Amino acid sequence: MTETTEVPIRRGVPLWVQLIIWLALIGLLVLVGITLNKRKQGTVQPGDAIPDFTLPLFSGYEYAGKSEIKLSDFSGKVVVLNFWASWCKPCEQEAAELQEAWAFYEPTGQVIFIGADYVDTEPEARVYLQKYGITFPNGPDMGTRISQLFRIQGVPETYFIDKTGVLRYVQVGPFSSLAQIQAQIDLLLSE
């Protein structure tokens, strides 16, 4: 008498599972490609039109009663966008000059300064703002969305945007003087 053993039949992975795996891999490759392409582009350059963005503001640093601002709110004004962080020592070197420039231009209504706090915590950011007497609108760059839009390389970085929303000048690193800030603003106001 011969004994027969049943050999289980192996079936492959269902086709629908294979399709999902392949689609996920292709999606991942596309995402990696897009990220690498953005990094290759470098920072935004003078002459680039800046897309609209929204920045939530810290309580006490609102603008015209608004708890968040959009770049488009300032069409017709020169915008000085400063990326900073409380842990950034070079940011401390320019804080007083930025505040002094803001105090000089604020009454004209032609210039707006915006501070975007980069990779920081609110308590430390507030201590920094109070320490340097900063009064212009400031808020956290939530999820680093705005810094990614500008593809910043570090902090401090400051972007001068003209009245039409076009980037005109980028300052990487701290300003050395109030005059350096005013020279860029005055140039944009004269246009």
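What is the volume of the largest cavity? In this predicted model, the largest cavity has a volume of about 60 Å³, and the count of cavities of 30 Å³ or more comes to one. This briefing starts from the residues around that cavity and then turns to the strands and helices that supply them.

**The cavity and its lining**

- The residues that line the largest cavity are Asn82, Trp84, Cys91, Glu94, Ala95, Leu98, Gly115, Tyr128, Leu129, Ile134, Phe136 and Asn138.
- Strand 3, helix 2 and helix 3 are the elements that each give two or more residues to this lining, and the largest share, four residues, comes from helix 2.
- Ala95, one of the lining residues, is found in helix 2, and with a relative accessible area of 2% Ala95 counts as buried, because buried means under 20%.
- Once its neighbours within four places in sequence are left aside, Ala95 is in contact with Tyr128, Tyr132 and Ile134, and among these Tyr128 and Ile134 also belong to the lining of the largest cavity.
- Ala95 and Gly133 are 38 residues apart in sequence, while the distance between them in space is 8.7 Å from C-alpha to C-alpha.

**Strand 3**

- Seven of the seven residues of strand 3 are buried, so strand 3 is largely enclosed by the rest of the structure.
- In a regular strand the side chains alternate between the two faces of the sheet.
- In strand 3, Val78, Val80, Asn82 and Trp84 point one way, whereas Val79, Leu81 and Phe83 point the other way, and all of them are buried.
- Strand 3 pairs with strand 4 in the parallel sense over seven bridges; within this pairing Val78 has Val111 as its bridge partner, and Val80 has Phe113.
- Strand 3 also pairs with strand 6, which covers residues 157-161, but here the sense is antiparallel and there are five bridges, with Ile161 in strand 6 as the bridge partner of Val79.

**Strand 4**

- Strand 4 is mostly covered, with seven of its seven residues buried.
- Val111, Phe113, Gly115 and Asp117 point one way from strand 4, while Ile112, Ile114 and Ala116 point the other way.
- Strand 4 and strand 5 run parallel and are joined by three bridges, and Asp117 stands opposite Pro140 in strand 5.

**How the strands and helices connect**

- Strand 3, helix 2 and strand 4 together make a right-handed β-α-β unit.
- Strand 4, helix 3 and strand 5 also make a right-handed β-α-β unit, and strand 4 therefore takes part in both of these units.

- In helix 3, which spans residues 122-131, Ala125, Tyr128 and Leu129 are buried, and because they cover an arc of only 95° around the axis, they lie on the same side of helix 3.
- An α-helix has 3.6 residues a turn, so residues three or four places apart point the same way.
- Pro123, Val127, Gln130 and Lys131 are exposed on the other side of helix 3.
- The buried residues of helix 3 pack against strand 3 (78-84), helix 2 (89-105), strand 4 (111-117) and strand 5 (138-140).
- Just after helix 3 comes Gly133, which takes a positive phi of about 65°.

**Ser86, in a loop**

- Ser86 is found in the loop between strand 3 and helix 2, and Ser86 is buried, with a relative accessible area of 17%.
- Not counting residues up to four places away in sequence, Ser86 touches Glu92, Asp117, Asp120, Glu124, Ala125 and Tyr128.
- Among these contacts of Ser86, Ala125 and Tyr128 are buried residues of helix 3, and Asp117 is a buried residue of strand 4.

Conventions
Residues are numbered from 1 along each chain as its sequence is written. This is a predicted model: local features need pLDDT of at least 70, side-chain atom pairs count only at pLDDT 80 or more; totals for chains, interfaces and linings use all residues. Side-chain values use heavy atoms; hydrogens and water are left out. Buried means under 20% relative accessible area, exposed over 50%, partly exposed in between (1.4 Å probe, protein chains only). The arc is that of the directions from the helix axis to the C-beta atoms. Contact means heavy atoms within 4.5 Å. Two strands pair if DSSP finds at least two bridges between them. A crossover is right-handed if, with the strands pointing away from the viewer, the path from the first strand over the helix to the second runs clockwise. On a 1 Å grid over the protein atoms alone, a cavity is a set of points where a 1.4 Å probe fits but cannot get out, and a pocket is an open set with protein on both sides within 12 Å along at least five of seven lines; lining residues have an atom within 4 Å of a point. Grid points are joined across faces, edges and corners, and a volume is the space filled by probe spheres set on the points.
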